[in-house]
Amino acid sequence: MLTCYASHTNFLTGSYFEKMGMQVRFFMPPNSVAPLAFYFYGDLLDDYTNLELIGTISTMETFQKIYRPEIYNANSAAGNFYQPSLTNQDYSSTQIVYDREERSQLAVQQGKFAEEHFIKPYGSVLHRWTASSAS
């Protein structure tokens, strides 16, 4: 059973997207450590099929586990009332240290890779595609 929470904008991210006219709904898959936030225009449940929502929720839950361990590093499923804190008993430090220099170098390397393997070999195709899309 997927728990759905109503819209809340008493936090900075929610307030930011609300200013752009978006709404937010939170979903908590069973045994997850934190709710998933959907920012959207229109009617989330009527504008998308169940399969689209299930696929999106599954993807979001996977990314939450892989890419955000420094935030969601809880060792147990969230309770009925989600209230994150670094002082929770089940929280454990991930020991992740971000190195801005390393990230900057990685961005440059990724840019050079994209240029060499994507932009240069397919530049004329990309140019025609963007020119036709602009019309």
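Four aromatic pairs occur in this structure, where rings of Phe, Tyr and Trp (for Trp, its six-membered ring) count as a pair if their centres lie within 6.5 Å. A pair of aromatic rings is described by the distance of the centres and the angle of the planes. Planes under 30 degrees apart count as stacked, those over 60 as edge-to-face and the rest as tilted. The model is a predicted one, in which local features need pLDDT of at least 70 and side-chain atom pairs count only at pLDDT 80 or more, while totals for chains, interfaces and linings use all residues. Residues are numbered from 1 along each chain as its sequence is written, and side-chain values use heavy atoms, with hydrogens and water left out.

One of the four pairs is formed by F17 and Y39, whose ring centres are 4.5 Å apart; the planes stand at 35°, so the pair is tilted. This pair links distant parts of the chain, since F17 belongs to helix α1 (residues 12–19) and Y39 to strand β3 (residues 36–40), 22 residues apart. Helices (H or I, at least four residues) and strands (E, at least two) are DSSP runs, numbered from the N terminus.

Because F27 lies in strand β2 (residues 23–28) and F38 in strand β3, the pair ties together parts that are 11 residues apart in sequence. F27 is buried, at a relative accessible area of 5%, and F38 is buried as well, at 7%. Ring pairs also join Y16, F17 and Y39 into a cluster.

The chain as a whole contains five helices and three strands. Read along the sequence, their pattern is β-α-β-β-α-α-α-α. Of its 135 residues, 14% count as buried. Contact means heavy atoms within 4.5 Å; among contacts in the chain with a separation of 6 or more, 37% involve residues 24 or more positions apart. The accessible surface of the chain comes to about 10,600 Å², and 56% of this area belongs to carbon and sulfur atoms. Accessible areas come from the Shrake-Rupley method with a 1.4 Å probe, and for residues only the protein chains shown count as cover.

Which residues does E61 touch? E61 is placed in helix α3 (residues 50–67) and is buried, with a relative accessible area of 17%. Residues up to four places away in sequence not counted, E61 touches P29, P30, S32 and L36. A34 is found in the loop between β2 and β3, and its relative accessible area of 0% makes it buried. From A34 to Q64 the C-alpha to C-alpha distance is 8.7 Å, although the two are 30 residues apart in sequence.

On the surface, F118, I119, Y122 and V125 form a nonpolar patch, with about 390 Å² of accessible area together. Patches are made of residues with over 30% relative accessible area and no salt bridge; like charges are joined within 9 Å, and nonpolar side chains (Val, Leu, Ile, Met, Phe, Trp, Tyr) within 5 Å. A salt bridge is a side-chain nitrogen of Lys or Arg within 4 Å of a carboxyl oxygen of Asp or Glu. I119 lies in helix α5 (residues 100–134) and is partly exposed, with a relative accessible area of 45%.

Key. Buried < 20%, exposed > 50% of the residue type's maximum accessible area, 1.4 Å probe, protein only.
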